[in-house]
Amino acid sequence: MRARLPTVALILYIVFLMLPIYWLVAMSFKTTNEILGGFTLFPQVWTLENYLTILTDPTWYWGYINSIIYVTLNTVLAIAVALPAAYAFSRYRFLGDKHLFFWLLTNRMAPPAVFALPFFQLYSAIGLFDTHIAVALAHCLFNIPLAVWILEGFMSGVPKELDETAYVDGYSFPHFFTRIFLPNISSGVGVAAFFCFMFSWVEMLLAKTLTAVEAKPIVATMTRTASTAGYDLGLLAAAGVLTIIPGAIVIYFVRNYIARGFALGRV
Amino acid sequence: MSGKTDNQRAWFLVLPVVLLVAFNALVPLMTVVNYSVQETFGNNIFFWHGVGWFQDLLRSERFHAALGRQLLFTFTILLIEVPLGVAIALCMPKKGIWVSVCLVLMALPLLVPWNVVGAMWNIFALPDIGLLGWSLNTLGFEYNMTQQPLSAWITLVVMDVWHWTSLVALLAYAGLIAIPEAYYQAAKIDGAKAWAVFRYIQLPKLGRVLTIALLLRFMDSFMIYTEPFVLTGGGPGNATTLLSIDLVKIALGQFDLGPAAAMSIIYFLITLAICWVFYTLMTRNEAR
């Protein structure tokens, strides 16, 4: 009996996590009449109408494409610049290194609400408003510090002797870094990329502020529909379900490293 | 920390990061500072206003109320999520296929876009047609998230617990599986009870990951905007108007640039001060 109590608690917790998701999925298969008609635990009439609307209406499905474009851009950019920086932080002592590291972290602490308006003005001024690049660059604000933090944790776990041996053997720095060092921390790169993807994918305030039509992300499309086109809950639920699917796929690939990633590579 | 070599050329390696982040951080921050000391009547004409906005803000009851609600929210969810997360981590299996299943299912809420979290809980909690709202009302509880401040608050807190407890649990789990088996064997020989094992072996070993969890949860809950905005829109009345929501209302809703900028700066400074304390604690632990 004593061994079973934790299992029961764990199952209860997971059921608690799944209930709202179940409700969202159930809602997405109901017709509008059934939703507004009253409470039903399961859809009485299964309909794919909500999904068909999203997949055939360009204003909806372009939202997904836009989101995927800027999230990918942001992830590639953040990892590319964070790799050399993390290496510098994990291997060298240089003037102002500790202050620089903390300054980077402070940007992860900046509330997006504080930056929404200045960002809008900055990106309008340089003519990048309503482009994918604008959102990708803006999300660097919190993703680069995070990527540097995670990668630095993973890199510090690699013994310094590896670097020294490689230099003694006559490897140049770029050759050593790409051929020997990177394969050693590939799981760290994967985890950092996952986190950049995740935080760029879930963020809404900045993405919504920096776009109007051309690069409008799915999260902004959803809020607009919720407020202007009445109260179409079925459609909203279907759009929500479709935003969860990419996340669920990515989690599956990094499941064994996810805990270590959340610990910022420091466990 | 000790094995590092002095190398000033390392600056070249961090330069791209510094440039990109500085472009994103310094320009907007200076814009905010600029607005915070000026008054405008539109048409891009500005007047020097000194520290007037800051004085107004620090005396404003609206700001005190929003700050109070924000602190209450942050400390409530920290008090619930950290112990619950550790408890869940202790319940998780150590090996076998169930580990993967648990990890994937528990991580799922973390990957849901924040506005979808709000929308999902809104639909879930609707008093007449939502699963949660309908069940509570059928059981005889007076529950209406859109009208009663208490219901709105409870929904908000439960939503955040749903969203983020897994983060604490995953961190604590990572810390737990890193404890060498020898520690448990030693405890067994000493005849230690489960509580003693937790108190004297597991908890001290978890110190570091728990500091990270506390730091991340504090930062993110203090900046929370999207989820409560979509769930309640700050209402009913102003009951769930947290700092971010109030700030966006002033900045983008009323376009009061001066007061909004002054509030941004004070908001950022509070976050910074508290995070600095956490960070110092964390790096001191690492140095030891």
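Begin by selecting chain A, which is divided into domain 1 (1-47) and domain 2 (55-262), with bounds that come from an automatic or database domain assignment. This is a predicted model, in which local features need pLDDT of at least 70 and side-chain atom pairs count only at pLDDT 80 or more, while totals for chains, interfaces and linings use all residues. Residues are numbered from 1 along each chain as its sequence is written, and chains are lettered from A and ligands numbered from 1 in the order in which they are written.

Next, colour the two domains of chain A separately: their centres, taken over C-alpha atoms, are separated by 31 Å. Where they touch, 8 residues of domain 1 of chain A are in contact with 7 residues of domain 2 of chain A, contact meaning that the C-beta atoms of two residues, placed from the backbone, lie within 7 Å. On the domain 1 side, α1(A) gives the most, with 4 residues (helices are DSSP runs of H or I with at least four residues, strands are runs of E with at least two, and both are numbered from the N terminus).

Now show chain B as well, and select the contact between the chains, which takes 82 residues from chain A and 75 residues from chain B. On the chain A side, the largest share, 12 residues, comes from helix α1 (residues 4-28) of chain A.

Finally, select strand β1 (residues 92-93) of chain A and strand β1 (residues 5-6) of chain B, which pair in the parallel sense over 2 bridges; two strands pair if DSSP finds at least two bridges between them. Here A:Tyr92 has B:Thr5 as its bridge partner in β1(B).
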